[in-house]
Amino acid sequence: MEIKPLLKEKIKALSQITPNSSALKKAEQKLDEEQFNLVVVGQFKRGKSTFINALLSDTIVPSSILPLTSIVTIIQYSDTKKAVVKFLDNHEETINVSEIEKYVTEKHNPENKLQVKEVYVYHPSEYLKKGVRIIDTPGIGSVFKHNTDVAYSFLPYCDAAVFLMSPDPPLGEAEIEFLKNVKVYTEKFFFVLNKIDIVSEDELDEVVEFNRNLLKEYTGSDDIKIYPISARNALKAKLNKDANLLERSNMIQIERALDEFIAKERMNIIATSVINTLLRHINNELTSYKLQKETQKLSVESLKEKVEKFSKFIESVREEAEEYEYILDKRIDKIYKELDEEIEILKEKELPSLIEKMQEHFKEKSKEKMSTEEFENFMTQKMNEYILQIFTNWRKEQSDIISEKVEVVYNDLAKKINQKIEDVINTASSLFDVKLNAYVDSEKLTQKSDFYFMLEDQMGILNIFATTFRTKLPFFIGKKIAQKHIKNTTVELFDRHCGRVRYDLTKRVRETTFRFKDQLKDKLDLTIEAIQQALEKAVKLKTENEKRSEEILKEIEKNTKLLLKHKEELEQLKKQLST
Ligand SMILES: Nc1nc2c(ncn2[C@@H]2O[C@H](COP(=O)(O)OP(=O)(O)OP(=O)(O)O)[C@@H](O)[C@H]2O)c(=O)[nH]1
Ligand SMILES: [Mg+2]
């Protein structure tokens, strides 16, 4: 059975024993929210949109014979179908799914005159329910250069990529160029050869071989698996419930491969984290039962006195936890400062030659006969190219460096908080003379890939400089002044770009830190709450009449057994996941 539904069942079973538990609610939320990002890339018209529709068994994203998709579409799960258009100025509009076409296609929204940033589609497909988010991208290598950049910019942020090819014609120049540039990511690539319905079996073998050799050459990998499919037939088959046609479309094989990858790569981390939450919850409950039971031998006075003492201790624990957070914030500030230094280094290294190159182009082109518009286009395009060259890798590097640094800081805090949890349990154990066990775990950071996955700003990059350059280009003024203007504009663009990257990276750190702190505090709070509630109940139990108190103790006995059974199963599952 798949891990996600399995864990859902576990949560349900545990809720019956311990209703209204906030830990269980959180575990469930986590399971629902965590997303696996699957991006579909490839040359225009290879059938990306059709492939996505086939995966989802519904015609959601528009497909056509003409180069079409021009805006990124992000499809994720929801009980009801709807679509939300996000515009460049950040305002949003909810639309009907059937209206997507008006926003995401070159035909209806030429040159993105509607100023769309991206479109979110919410859909109740079973496929998405597993926690997969699918991203449809514009085709690479079409006449719309911007599209290719978009496809590139997505890769670092995704958990897996489907690279779509087709036999008509086999791999072209744009695709090869693309592969050469994204080599570092190809370990998460699935190579799919679409439209097998238009070739004979012999031809198919030939195309597969031909493409395999090219892929080997350009990705540098020896182990290339190609999935030949017909997305169109798969979609038709699914819509008409035609098992025979579905079989012939070969769609099942690639779906299975993707499923396995998703389960292995991403769900494992999430599942382990959810299992840890559940185990901690069970441990807290068992602790609580034990405390209630064992403290019955104390007198009411002595019990109350000890409860008071424990509260005092908890106050000091909370103060220390606050102190830790403060230290964490300081360390994060230091990471920001180091980023600022890196930005300065980049500037010193790259800006002078960028200015020089732009001035060179200016000189060269102003000799030629061309319209202002042609000239502007040329300069903008050059600027785009250089900025992408400078920033794409640098940004990825910085992102990796920061991700590593914050992980160290987070791990330190996690260790300290775990120590505090142990302290709380040990103090309760000795105070009430009960043997209690702390549940501590070393949590892997599931936020890591959240940290990477940041759609918002990726799109922003491609938009800011084009407009700045255009409006400031001083084609009509004297050459000397123009040279100076080129310099100023370049500096300004470079600075703004640095600012953007800085903003993006620090924003991501801020958000993940916030979430991480929250999670750790939760761990500690839940343990503390479990004990304090148990003590309250113990005091109450002590003052109950005999019959009622017997009933309660029986119930405790029964639940303890059930929880121990669940605990064992979850530990088993955790072991399976780690192997
Ligand atoms: N014969 C055949 N045609 C297909 C198949 N899959 C898609 N097509 C056709 O190929 C054309 C392009 O399909 P799309 O899904 O729009 O391709 P795309 O890659 O999203 O195109 P862009 O968004 O323009 O980059 C359409 O006419 C589809 O019907 C297939 O498996 N077999
Ligand atoms: Mg498309």
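Predicted model: local features only at pLDDT ≥ 70, side-chain atom pairs only at ≥ 80, totals over all residues.
Visitor: What holds paired strands together in general?

Guide: Strands of a sheet pair through backbone hydrogen bonds, in either a parallel or an antiparallel way.

Visitor: How many residues of E5 are buried?

Guide: Six of its eight, which leaves E5 mostly covered. A residue is buried if 20 or more other C-beta atoms lie within 10 Å of its own, exposed if 12 or fewer, and partly exposed in between, with C-beta atoms placed from the backbone.

Visitor: What is the strand order in the sheet?

Guide: The order is E4-E3-E5-E2-E6-E1-E7-E8-E9, an open sheet of nine strands with mixed pairing. Its edge strands are E4 (92-95) and E9 (226-228), each pairing on one side only. From one strand to the next, the twist averages 25°; the axes are lines fitted to C-alpha atoms, for helices over the stretch in contact, and angles run from 0 to 180 degrees between N-to-C directions.

Visitor: Where is Asn 112?

Guide: Asn 112 is in the loop between helix H4 (101-104) and E5. It is partly exposed because 17 other C-beta atoms lie within 10 Å. Its C-alpha is separated by 8.0 Å from that of Ile 71, 41 residues apart along the chain.

Visitor: New topic, the ligand. Which residues come nearest to ligand 1?

Guide: Gly 47, Ser 49, Ser 63, Thr 69 and Gly 139, out of 23 residues around it. A residue counts as near if its C-beta atom, placed from the backbone, lies within 6 Å.

Visitor: Which element gives the most to that shell?

Guide: H3, with three residues. The elements giving two or more residues are H3 (48-56) and H9 (231-240).

Visitor: And how does the shell split by class?

Guide: Seven nonpolar, ten polar and six charged residues. Here Ala, Val, Leu, Ile, Met, Phe, Trp, Tyr, Cys and Pro count as nonpolar, Asp, Glu, Lys and Arg as charged, and the others, Gly among them, as polar.

Visitor: Lys 45 is in which loop?

Guide: The loop between strand E1 (36-42) and H3. Lys 45 has a positive phi of about 70° although it is not a glycine. It counts as buried because it has 21 C-beta neighbours inside 10 Å.

Visitor: Now helices. Which residues of H2 are buried?

Guide: Ala 23, Leu 24, Ala 27 and Leu 31. Seen down the axis of H2, they fall within an arc of 100°, so they line one face of the helix; the arc is that of the directions from the helix axis to the C-beta atoms. The face turned away carries the exposed residues Ser 22, Lys 25, Gln 29 and Glu 33.

Visitor: What about H7, which residues are buried there?

Guide: Glu 175, Phe 178 and Leu 179, in a helix that covers residues 173-181. The buried residues of H7 fall within an arc of 95° seen down its axis, so they line one face. Glu 173 and Lys 180 are exposed on the other side.

Visitor: Which residues does the cis peptide bond join?

Guide: Asp 168 and Pro 169, with omega about -5°. Pro 169 lies in the loop between strand E7 (160-165) and H7.

Terms used:
Residues numbered from 1 in each chain as written. Chains lettered and ligands numbered in written order. Helix = DSSP H or I, 4+ residues; strand = E, 2+ residues; numbered from the N terminus. Pairing = 2+ DSSP bridges.
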